[in-house]
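Take your time with each one before reading its solution.

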Amino acid sequence: MTINITTDNSAFLFIDVQEKLTAMLRKDKAAKKSEILAKTAKILNIKTVLTEQYPQGLGSTIPQVKYCLPDSAKFFEKTSFNALDTEGVKEAIGEVKNVFIFGIETHICVFQTTLALLENGYNVFVVKDACASRETDEFKAGINLMEKEGAKIMTTEMVIFELLKSSKHPNFKEVQLLIK
């Protein structure tokens, strides 16, 4: 990969991994992968930003993610589908070069936020297996269009090992246990 990815120049952006949204999904793979990424963020001390779409109606971030995050994680309630339209989100992401984005729903909030991140000059990595939509066609269309617009598509394991770089990383064994 020609893009320099480090824990210092990257951020994780969790989009709406909420109770009622995850309950609508046919599989909970995205929730499990989000939990792994939350634990990875905590272990590797990666800047972490979370959004919750209208939590009064859709519930809050699922507990298995919420309680695994770094203490420094920043939460934002939103009503806009594009998270960058929510006051403070772009500032919370800050001056990192790389944003790893994932969540629910792929073809709406993840998609619109990804396009905004690209327009703002970030290298955007969509973590495909940590994204979900209620409908398969919607999910596929969202992933395909984000890739065509310039986002890189990765999986949870690809992200983890790209951040670790080597089995000699001091947290390698701890992070590796998350995916076994």
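Rings of Phe, Tyr and Trp (its six-membered ring) pair if their centres lie within 6.5 Å; planes under 30 degrees apart count as stacked, over 60 as edge-to-face and the rest as tilted. This is a predicted model, in which local features need pLDDT of at least 70 and side-chain atom pairs count only at pLDDT 80 or more, while totals for chains, interfaces and linings use all residues. Residues are numbered from 1 along each chain as its sequence is written, and side-chain values use heavy atoms, with hydrogens and water left out.

**Exercise 1.** Find which residues the ring pairs link into a cluster.

*Solution.* 
1. Searching the whole structure gives five aromatic pairs.
2. Take Phe-12 and Phe-100: the ring centres are 5.8 Å apart and the planes meet at 80°, so this pair is edge-to-face.
3. Now place them: Phe-12 is in strand 1 (residues 10-15) and Phe-100 in strand 4 (residues 98-103), so the pair ties together parts 88 residues apart in sequence. Strands here are DSSP runs (E, at least two residues), numbered from the N terminus.
4. Phe-14 and Phe-102 are also edge-to-face, at 4.5 Å centre to centre and 70° between the planes.
5. Ring pairs link Phe-12, Phe-14, Phe-100, Phe-102 and Phe-125 into a cluster.

Notes
Helices (H or I, at least four residues) and strands (E, at least two) are DSSP runs, numbered from the N terminus.
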